[in-house]
Number of protein chains: 4
Amino acid sequence: MVGRTGRDVVTSRLPGLVQDWKLDLVVVNGENAAGGFGITEAIYNEIRTAGADAVTLGNHAFDQREALVFIERADALVRPINYPPGTPGRGAAMIETRGGARVLVANVMGRAFMDPLDDPFAAIDRALDGVDLGRVVDAIVVDFHAETTSEKQAFGHYCDGRVSLVVGTHTHVPTADHRILPGGTAYLTDAGMCGSYDGVIGMDKDEPLRRFTRKIGAGRFEPAAGPASLCGFAVETDPATGLAVKAAPVRLGGDLSEARPAFWEA
Amino acid sequence: MVGRTGRDVVTSRLPGLVQDWKLDLVVVNGENAAGGFGITEAIYNEIRTAGADAVTLGNHAFDQREALVFIERADALVRPINYPPGTPGRGAAMIETRGGARVLVANVMGRAFMDPLDDPFAAIDRALDGVDLGRVVDAIVVDFHAETTSEKQAFGHYCDGRVSLVVGTHTHVPTADHRILPGGTAYLTDAGMCGSYDGVIGMDKDEPLRRFTRKIGAGRFEPAAGPASLCGFAVETDPATGLAVKAAPVRLGGDLSEARPAFWEA
Amino acid sequence: MVGRTGRDVVTSRLPGLVQDWKLDLVVVNGENAAGGFGITEAIYNEIRTAGADAVTLGNHAFDQREALVFIERADALVRPINYPPGTPGRGAAMIETRGGARVLVANVMGRAFMDPLDDPFAAIDRALDGVDLGRVVDAIVVDFHAETTSEKQAFGHYCDGRVSLVVGTHTHVPTADHRILPGGTAYLTDAGMCGSYDGVIGMDKDEPLRRFTRKIGAGRFEPAAGPASLCGFAVETDPATGLAVKAAPVRLGGDLSEARPAFWEA
Amino acid sequence: MVGRTGRDVVTSRLPGLVQDWKLDLVVVNGENAAGGFGITEAIYNEIRTAGADAVTLGNHAFDQREALVFIERADALVRPINYPPGTPGRGAAMIETRGGARVLVANVMGRAFMDPLDDPFAAIDRALDGVDLGRVVDAIVVDFHAETTSEKQAFGHYCDGRVSLVVGTHTHVPTADHRILPGGTAYLTDAGMCGSYDGVIGMDKDEPLRRFTRKIGAGRFEPAAGPASLCGFAVETDPATGLAVKAAPVRLGGDLSEARPAFWEA
Ligand SMILES: [Fe+2]
Ligand SMILES: [Fe+2]
Ligand SMILES: [Fe+2]
Ligand SMILES: [Fe+2]
Ligand SMILES: [Fe+2]
Ligand SMILES: [Fe+2]
Ligand SMILES: [Fe+2]
Ligand SMILES: [Fe+2]
């Protein structure tokens, strides 16, 4: 979600979706929640109150310096797992759902064209070690925050069969390649953003356009106004195995075409 | 389209689509047509025979060295317009459709996380100078070959109102953000790839996974086998203005969810 | 020069050098003069007063927003020539030396691992068009501001025989590869920085080390304190041809080994 | 050393230097020894015979596929330590000098603008754990193979006081910033290359220039011919502490200015 525009569409629509679709677990990426850059404790609480069971982050995790402090007491706030040892917070959190299921939510950051954190592939191996899907936990949700489609697809295949779903974030554009991989892991290259698409990755388009064309900025990035879309990935898992049985994109409101998971629509 | 897998799905399905949907103009990106790297004259002719009116390229344009030669006689083969002056071939081609309409097809390459060619924004300005949409030409199609969603969205807004459509390529993953921008230009961040999605951007997944995890390759990239998808962007323009009136994604076959333009389905 | 540390070493030592070495022309790179980021008019005047005949810039040219304005009246302030058309200021300036010679001073920015400006090779061709060395001008000084040694060496060879000297900047570390290229152009991959070398490229080392090891910053970059070095490139040209006849590095003070041009030492 | 040009200058001059300067230990970077790309077993043996006690590598370590095999039996061949666990070979080797001293030679790769290996800072910490300089070993030599001056300087400061010397490689251009850091570690941002400087980082200049100016290559990179330079870093350590007491650059032959360590010249 990007800025107030993004928060508003989430807080206004999420409670209804939780109810209508009987959602067991809602995970929201909040790295751009505060004016486009990072997250504050107040905003974290706002997102949780709206229905998010966990909030993941990314390269903007600590743009708001207070996140380095409050993340320690925010049990459901998950930052990229492959930050160096000693980084405040956690890279994976065990969440108990409304219905009593146990779900591991992990956030991992890619390295291609991004600040090089520790090896994301080795990091997910360590996180999953001893956490057998369908036995130790009922589901495993992985938010892979990365730039390139190649690293994302490779990461999806790497996790296939070991987690319930891998959903990419960071590009702020929803992809249309949702599917269940051969091993049973639901996959979507990017969930897209909650915010206004009449901008540049959720920010007002003037400043980005200025920088692309003139190579000299004139100010700060500000979230784009305008009608906002809520974007996400809907996955249903097999209670016995924790693997995915159904997967569909969610796109509601704003400038994008609407998409609803048929399997949850009454 | 990526390799033989991609060519096969295009050559087998495109003729039927041209007929069923009464397509006036078909543009195909062919930068990965030859084993994943570049294009040969034989393959170019094969794609044209299958129904493509123009073939665009990208950063892999000249991976097959023969393309530097045959592009001069291949009138409908379009390489990125912002290669340096003196580069063989053309960055925009005037195509006459079956129905006698005149369409400018341009290929432009982004610079973010890519080899820095000349300024893509200045290049499209020059290409459009004097080529007024709806007056000098009936439509203008721009294939913006770029890595980042931000540069692609910025480019879309930059062209809005001046061209019929801006469709991104290069990430090999179809995005779900098709829309008509406020000025009347149809926009899709990425059209996706024609080829197998059970791989990494169309290539067999073993070698990419090896490089991501071990950081040392063991061989060459080979196109992924397996059921192939055809992906694209369907746009209908207003004959009077050349601007878009309808836009929808196309996804047929393979591992992806099917998408067909409702407005062309009888 | 980086921050006050860098300005101090320049303003204190440059006047003596101008006198002792009978310097005809002094060019200083000032992109980091203001606290490490950009340049102000006051600082520009300070550098000029200290003896600089021209001040070049780089990727930090406009970090201080006022530079976009005062550069128009600062005739000897030169920003990268390959910014887009319409950028305030100039990419090359004709300077008249104390002795009445005419010297073209150009600033060009590389693109490898940098923000992609226009083609630097094409830009220098245009700048040199009609400006024949030894006929139209007495000397041509090119500050090539770039990251990689490969682009810098390629640029040096590209200009060889057409300019008096190509000196690299941007890495803030002096290289030891000064030489006169076969065509008569003096070349040095990087002139190094004026400032304290007990830091990280002239900035206090704490924050850079924190970012490299923890991947999360804790504050702003500040220029490093400590004894400062003045670094540069001394070139003597043939009055008849404008080509270089002697070239030597300059390193004075601070933590670096001293280097003085023997040919100017009485 | 780059290609045959580089090997020739090393094999012809190194034996004499070992004798004249009474060298206890010689470390050579060999990542470009085989035609510019990687190293073969025959070449490794050739370098060792010429007087190298250890051979370090870098991003081109395994360009010659045979290196993945013979590195296991080549005890003094050291590849970047921060390749993933399981990579063939070793990232640090204990070398016994002619005089019976024990020296740890480590090779570490930077991540800025390079393929992201594991954290180089954490990797050197692990390598030095329990290997106290002056007690467990007589000297520690670190070849930090990296692109940017900022990561190199940060790495030097990070190791300061714990190793005898940190010498950068990879840019193929010798820097002039040799010094002994406050903690007693000798430091040089880049040792430069052994090979011809009448090229682009040791390769014939035609192909690099073509790629920079036309953005399309026409062939392979080949080592530059022409008179070659031998470049390096001379460091003398205190036998009691293992820290550096003297440090000077070495540049012999070819197009560069000559530099010899005065403290070793009789
Ligand atoms: Fe984001
Ligand atoms: Fe992000
Ligand atoms: Fe492609
Ligand atoms: Fe591409
Ligand atoms: Fe600088
Ligand atoms: Fe710079
Ligand atoms: Fe190298
Ligand atoms: Fe290297």
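## A bridged pair of iron ions in chain D

D:Glu31 bridges the iron ion (ligand 7) and the iron ion (ligand 8), which lie 3.3 Å apart. Before we go further, please note that this is a predicted model, in which local features need pLDDT of at least 70, side-chain atom pairs count only at pLDDT 80 or more, and totals for chains, interfaces and linings use all residues. Residues are numbered from 1 along each chain as its sequence is written, chains are lettered from A and ligands numbered from 1 in the order in which they are written, and side-chain values use heavy atoms, leaving out hydrogens and water.

Which protein donors hold the iron ion (ligand 7)? They are D:Glu31 (OE), D:Asn32 (OD1) and D:His172 (NE2), at 2.1 to 2.2 Å from the ion. Donors here are N, O and S atoms within 2.8 Å of the metal (3.2 Å for Na, K and Ca); water is not among the atoms, so sites may look incomplete. Along the chain, the donors of ligand 7 follow the spacing E-N-x139-H. Distant parts of the chain are linked in this way: D:Glu31 sits in the loop between β1 (27–29) and α2 (41–49) of chain D, while D:His172 sits in the loop between β7 (165–169) and β8 (179–180) of chain D, 141 residues apart. Helices (H or I, at least four residues) and strands (E, at least two) are DSSP runs, numbered from the N terminus. D:Glu31 counts as buried because its relative accessibility is 2%, and D:His172 is buried with a relative accessible area of 10%. Buried means under 20% relative accessible area, exposed over 50%, and partly exposed in between (1.4 Å probe, protein chains only).

## The iron site in chain C

In chain C, C:Glu31 bridges the iron ion (ligand 6) and the iron ion (ligand 5), with 3.3 Å between the two ions. The protein donors of ligand 6 are C:Glu31 (OE), C:Asn59 (OD1), C:His145 (NE2) and C:His170 (ND1), lying 2.1 to 2.2 Å from the ion. Their spacing in sequence is E-x27-N-x85-H-x24-H.

Why is the arrangement around the iron ion (ligand 6) irregular? The 4 donor atoms subtend angles of 83 to 149°, which makes it so. For comparison, four donors count as tetrahedral if all angles lie between 85 and 135 degrees; four count as square planar and six as octahedral if opposite donors are over 155 degrees apart and all others between 65 and 115; anything else is irregular.

## A sheet in chain D

Now to an open sheet of 3 strands in chain D, in the order β10-β11-β12 with antiparallel pairing. Two strands pair if DSSP finds at least two bridges between them. β10 (195–196) and β12 (244–252) of chain D stand at the edges with a single partner strand each, so one side of each is left without a neighbour in the sheet. Helix α1 (residues 3–20) of chain D packs on the sheet and touches β10, β11 and β12 of chain D, its direction making about 40° with that of β11(D). Contact means heavy atoms within 4.5 Å, and axes are lines fitted to C-alpha atoms, for helices over the stretch in contact, with angles running from 0 to 180 degrees between N-to-C directions.

Strand β11 (residues 228–237) of chain D pairs with β12(D) over 8 bridges. Here D:Ala234 stands opposite D:Ala248, and D:Gly232 faces D:Val250. On the other pairing, β10(D) and β11(D) share 2 bridges, and D:Ser196 has D:Ala228 as its bridge partner in β11(D). β11(D) is mostly covered, with 8 of its 10 residues buried. The hairpin of β11(D) and β12(D) has 6 residues between the strands, and D:Gly242 takes a positive phi near 80° there.

Most residues other than glycine have a negative phi. B:His170 has a positive phi near 110°; this residue is found in the loop between β7 (165–169) and β8 (179–180) of chain B and is buried at 15% relative accessibility. B:Lys215 also has a positive phi, of about 65°. B:Lys215 lies in the loop between α6 (206–214) and β11 (228–237) of chain B and counts as buried at 13% relative accessibility.

## How chains A and B are related

A rotation of 180° with 0.0 Å of shift along its axis superposes chain A on chain B (RMSD 0.0 Å). The two copies are thus related as by a two-fold rotation axis. In chain A, the C-alpha of A:Thr175 is the nearest to the axis, at 1.9 Å. Both copies use the same surface, as 100% of the contact residues of chain A recur in chain B. Copies are superposed by least squares on the C-alpha atoms of residues with pLDDT of at least 70 in both.
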